Amino acid sequence: MECVDCQSLLCYRGDQEGFPGCPMEDRTIFDESLELLKEDPILKFYQTSCRIESKGYGRWPRACEIIQFCKDMEYQTIGFAFCIGLKREAAIFNQLLKCAGFKTVSALCKSGGIPKEVLGLSDKDKVRPGRTEVICNPIAQALRLNQQKTDFNVVIGLCVGHDSLFYKYSEAPVTTLVTKDRRLGHNPVAALYMSESGYLKEAFDEVMGETVREDTR
Ligand code: SF4
């Protein structure tokens, strides 16, 4: 049984044991996870995130949750890695963080100005072929924030995959303020809500193939 297909949701009700085939049959990973969650400093981090969830539940937007989380964790320096397409939004968030008393360090995706050709990308791989384009460099973003010894890092609109590399190379814990989705006003869940409507048909057909998608309905 995969959790995504489960109708009983025994775990959600606090049952300690599931039915045959439920992942709860094997307690090993739950025991291991508890050992890890109880380790210092993970326990404080985990408890703080739970308290943030309950304090502002349904009232606070994510930006407020992040700021309160940083306050409650007593962080001093907050880093943020942002996309050039979200420069204005990054500046607003920076102001909010400064007003809340934090020191900030920022890293733009294009920092370094390295042409795409350096990493084996050709003209046809560019967003606008025929023009100079420089790479997004999520590893450089992470290294800059690591160098400045940020306590906590925030992602503002990095591309799919670039965000993964930033998460991988950041030494400080990371959360995401904005998940970039240029088509849907940075609201990617809307694609799921509309996946069976005609509105995004062309996009889904392009990446999934029409036949495959018909089978998933
Ligand atoms: S852990 Fe078991 S009970 Fe919980 S959602 Fe998964 S399959 Fe269902």
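Six bridges join strand β1 to strand β2 (residues 103–108), and the two strands run parallel. The model described here is predicted.

- Four strands make up an open sheet, in the order β2-β1-β3-β4, with parallel pairing.
- At the edges lie β2 and β4 (174–178), each of which pairs on one side only.
- On average, neighbouring strands of this sheet are turned by 25 degrees against each other, with direction ignored.

- β1 spans residues 77–82 and is mostly covered, since five of its six residues are buried.
- On the β2 side, T77 stands opposite K103, and I78 stands opposite T104.
- Five bridges link β1 to strand β3 (residues 152–156), and these two strands also run parallel.

- Helix α4 (residues 87–99) belongs with β1 and β2 to a right-handed β-α-β unit.
- Helix α3 (residues 62–72) lies across three strands, β1, β3 and β4.
- The direction of α3 is at about 150 degrees to that of β4.

**A cis peptide bond**
- D40 and P41 are joined by a cis peptide bond, with omega at about 5 degrees.
- P41 is placed in the loop between α1 (28–37) and α2 (42–55).

**Positive phi at E74**
- E74 is not a glycine, yet its phi is positive, at about 60 degrees.
- This residue sits in the loop between α3 and β1.
- Is E74 buried or exposed? E74 counts as exposed because it has 9 C-beta neighbours inside 10 Å, and the cut-off for exposed is 12 or fewer.

**Positive phi at H186**
- H186 is not a glycine either, and its phi is positive at about 60 degrees.
- The loop that holds H186 runs between β4 and α7 (189–193).
- How many other C-beta atoms lie within 10 Å of H186? There are 18, so H186 is partly exposed; a buried residue would need 20 or more, and an exposed one 12 or fewer.

Conventions. Residues are numbered from 1 along each chain as its sequence is written. This is a predicted model: local features need pLDDT of at least 70, side-chain atom pairs count only at pLDDT 80 or more; totals for chains, interfaces and linings use all residues. Two strands pair if DSSP finds at least two bridges between them. A crossover is right-handed if, with the strands pointing away from the viewer, the path from the first strand over the helix to the second runs clockwise. Axes are lines fitted to C-alpha atoms, for helices over the stretch in contact, and angles run from 0 to 180 degrees between N-to-C directions. Two residues are in contact if their C-beta atoms, placed from the backbone, lie within 7 Å.
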